[in-house]
Amino acid sequence: MELRTMPFDHPDAVKLNDQVQLEYGERYSDEGESEGDVTPLDASMFTPPRGLYLLAYDDRGRPVATGGWRSQDANDEGYSDGDAELKRMYVIREARGLGLARRILAALEDDARAAGRTRMVLETGTKQPEAIALYTSSGYTLCTTKFGHYREYENSRCFAKPLSRP
């Protein structure tokens, strides 16, 4: 597997984003959230040094996983100065269980740390137990104060991890 830095609007990134949106819709359809994640995003948010977007490619050159981070600072959505927010962590079904999400997560944390960010944060939902398991096993803790677009939703869960220097 090869990790490549790509723009958020690259055709391969758009393809995987469409797939993750469908999965979000399936998982949350019984709660009226069939449209996926509607958090406003654009490619400029993931441009270094204020962010990064990664795609993983298999040995046949197919995009199989994705993830990115974008800078956040104190604002009315509950973020704090120095935050790096994880977005669009996703592995296609056929490539799950290979450690790709963990590898992408580590690379994103390293990059955000190098960019001077002090805390990695993320928002996920209760119908994504695999994501919650990944994050908690990687040192993320549940936040008592929620942030982000879905902070007022009952099924929203927010996690954070300090990005201290190794």
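Arg 88 sits in strand E4, which spans residues 83-91. In this predicted model, Arg 88 has a positive phi of about 55 degrees, although the residue is not a glycine. Most residues other than glycine have a negative phi, and most peptide bonds are trans.

**Backbone geometry**

- Arg 88 has a relative accessible area of 5%, and the cut-off for buried is under 20%, so Arg 88 counts as buried.
- The peptide bond that joins Pro 48 and Pro 49 is cis, with omega at about 5 degrees.
- Pro 49 belongs to the loop between H1 and E2.

**Aromatic pairs**

- The count of aromatic pairs comes to 5.
- In the pair of Phe 8 and Tyr 53, the ring centres are 5.0 Å apart and the planes stand at 80 degrees. Planes over 60 degrees apart count as edge-to-face, so this pair of Phe 8 and Tyr 53 is edge-to-face.
- Phe 8 comes from the loop between strand E1 (2-5) and helix H1 (11-28), while Tyr 53 comes from strand E2 (residues 51-57). The pair therefore ties together parts that are 45 residues apart in sequence.
- Phe 8 and Tyr 53 are both buried.
- One aromatic cluster is formed by Phe 8, Phe 46 and Tyr 53.

**Contact of helices H2 and H3**

- Two packed helices are described by the angle between their axes and the distance between the axes.
- For helix H2 (residues 100-114) and helix H3 (residues 129-137), the axes come within 11 Å and cross at roughly 50 degrees.
- An angle under 35 degrees would count as roughly parallel, and 65 to 115 as roughly perpendicular; H2 and H3 are therefore oblique to each other.
- The crossing of H2 and H3 is right-handed.
- On the H2 side the contact involves Ala 101, Arg 102 and Leu 105, and these meet Leu 134, Tyr 135 and Ser 137 of H3.
- By type, the residues of the contact of H2 with H3 are 4 nonpolar, 1 polar and 1 charged.

**Asp 18 in helix H1**

- Asp 18 lies in helix H1.
- Its relative accessibility is 44%, so Asp 18 counts as partly exposed.
- Asp 18 and Leu 86 are 68 residues apart along the chain, and their C-alpha atoms are separated by 17 Å.

Notes
Residues numbered from 1 in each chain as written. Predicted model: local features only at pLDDT ≥ 70, side-chain atom pairs only at ≥ 80, totals over all residues. Heavy atoms only, no water. Axes fitted to C-alpha atoms, helices over the stretch in contact; angles between N-to-C directions. Helix = DSSP H or I, 4+ residues; strand = E, 2+ residues; numbered from the N terminus. Parallel < 35°, antiparallel > 145°, perpendicular 65-115°, else oblique. Left-handed = near helix turned anticlockwise from the far one by under 90°. Contact = heavy atoms within 4.5 Å. Nonpolar A, V, L, I, M, F, W, Y, C, P; charged D, E, K, R; others polar. Phe/Tyr/Trp six-rings, centres within 6.5 Å; stacked < 30°, edge-to-face > 60°. Buried < 20%, exposed > 50% of the residue type's maximum accessible area, 1.4 Å probe, protein only.
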